[in-house]
Amino acid sequence: MDYTTYRTDGQGGLRRVQTAAAPLPSDGVRVAVRAVGVNFRDVYVIRGNRYRAPAVDQVPMTDAAGVVVEVGSEVTRFKVGDRVCSTVLPNWIDGPLSAHGMARSTAVLAEYFDAGENDVVAAPPHLSDIEAATLPVAALTAWHAVAELGVVGAGDTVVVQTTGGVAVFAMQFAQALGARVIVVSRSRDKLERTGAWAAINTETTPEWDQQVLALTGGHGARLVLDMGLDDSLRRSARAAAYEGTVAIIGVVQQQTNPLDIYTVMNKNLNVRGVETGSRAMFERMNRFMAEHGLRPHIDSVHDDVDAALDRIASSPYGKVVLNPRC
Ligand SMILES: NC(=O)c1ccc[n+]([C@@H]2O[C@H](COP(=O)([O-])OP(=O)(O)OC[C@H]3O[C@@H](n4cnc5c(N)ncnc54)[C@H](OP(=O)(O)O)[C@@H]3O)[C@@H](O)[C@H]2O)c1
């Protein structure tokens with residue numbers, strides 16, 4: 001069988017390549033891709049940015065939902081016809097992150113992808129393929145920060161920066177846990193759509209950290225999700241409560257971001273990096289989403305990769321998805 005894959009051309013675009021299917025290993029599954037979730041990272045992998053050159057000859061994108069069409073002779077976790085999602089770090093099954101967990105990633109922009117049976121998770125039955133394709137990176141990262149760090153309870157305040165893919169999931173999870181969400185964004189229109197407890201527009205209130213303190217009676221937020229905006233980390237620390245957590249999630253504007261060490265020290269803050277998540281976290285998230293009837297917020301669905309990347313670059317509300325017709 002031959003199938004189509006897309007590979008980066010190193011010039012900011014993609015080449016369409018016909019690939020001969022390899023024999024499936026005994027522990028392998030072959031997945032027919034039904035939808036691909038597009039992430040902020042995919043834009044710079046394919047097109048490059050001021051920090052990185054475009055990737056050369058790589059199959060891009062990590063987030064797929066699809067159906068199992070073939071299984072190896074020793075596979076027990078899945079059968080033909082099962083709906084699955086890719087995992088972005090397939091070596092990270094459970095427990096703390098390690099170099100081994102980071103050592104392997106997934107590539108899914110293709111008609112089919114082959115994976116080990118341990119490298120995929122069952123797609124939540126209540127979600128469509130388009131919805132399930134949004135989960136592997138954005139939802140899992142938000143879930144890791146909001147739920148797996150274990151710092152947020154009912155009545156706590158959570159600050160979420162931006163209204164993109166990770167941010168909208170973070171708001172949904174925090175609200176479902178009973179927390180009060182304060183969303184911080186430069187986009188007035190998108191702020192009005194969030195349904196958050198409070199919204200702060202950085203265009204009119206650049207000192208948003210002071211506004212978080214004012215809204216919380218001077219206490220600050222139990223958790224602040226930092227997206228790497230201009231000077232965001234200093235403000236995130238100021239907006240956090242004593243003994244609070246600042247979760248470093250993204251690099252939207254700035255790769256380096258000054259931190260006010262005194263604030264971190266004097267408030268006993270926990271400043272924590274958050275890398276996507278393990279397969280066990282993914283499975284717990286899927287159960288939580290099913291129990292709470294949570295559905296991803298889809299910004300837009302595209303047939304064309306360029307249109308999907310352009311949409312990411314133009315600041316979506318929620319997730320951008322590709323419905324590839326390979
Ligand atoms: N740690 C991890 O494992 C992990 C996983 C996924 C993503 N990330 C990172 O997290 C960040 C967000 O990812 P995402 O998937 O949510 O991205 P996204 O869906 O593209 O959303 C990014 C949001 O950032 C804001 N934004 C974009 N450009 C901006 C600019 N120049 N100045 C200010 N705000 C800007 C926009 O929200 P507003 O219009 O509301 O401001 C936009 O909707 C990225 O840096 C991504 O690489 C990290």
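Mentor: For 326 residues, a compact globule would have a radius of gyration near 20 Å, and the 20 Å of the protein chain agrees with that; the radius is taken over C-alpha atoms, and the globule rule is 2.2 Å times the number of residues to the power 0.38. The model is a predicted one, in which local features need pLDDT of at least 70 and side-chain atom pairs count only at pLDDT 80 or more, while totals for chains, interfaces and linings use all residues. Residues are numbered from 1 along each chain as its sequence is written, and side-chain values use heavy atoms, with hydrogens and water left out.

The C-alpha trace spans about 65 × 40 × 35 Å along its principal axes. The protein chain holds 11 helices and 15 strands; these are DSSP runs numbered from the N terminus, helices being H or I with at least four residues and strands E with at least two. Of the 326 residues, 55% count as buried, a term for under 20% relative accessible area, with exposed meaning over 50% and partly exposed in between (1.4 Å probe, protein chains only). Among contacts with a separation of 6 or more, 67% join residues 24 or more positions apart, where contact means heavy atoms within 4.5 Å.

The helix to examine is α10, residues 279-292. At 1.5 Å a residue, its 14 residues should span 20 Å, and the end C-alpha atoms are 20 Å apart, which agrees; the expected span is 1.5 Å times one less than the number of residues. The buried residues of α10 are Arg279, Ala280, Met281, Phe282, Met285, Asn286, Phe288 and Met289. An α-helix has 3.6 residues a turn, so residues three or four places apart point the same way. The cover over the buried residues of α10 includes the strands β5 (83-86) and β7 (120-122), together with the helices α4 (135-148) and α5 (165-176). After α10 comes glycine 293, whose phi is positive, near 60 degrees.

Threonine 162 counts as buried because its relative accessibility is 18%. Apart from neighbours within four places in sequence, threonine 162 is in contact with Ala167, Met171, Val183, Val184, Ser185, Met227 and Leu229.

In α1, Asp42, Val43, Tyr44, Val45 and Ile46 are buried, and their cover includes β1 (2-8), β2 (14-20), β3 (28-38) and α11 (305-313). Glycine 48, with a positive phi near 75 degrees, follows α1.
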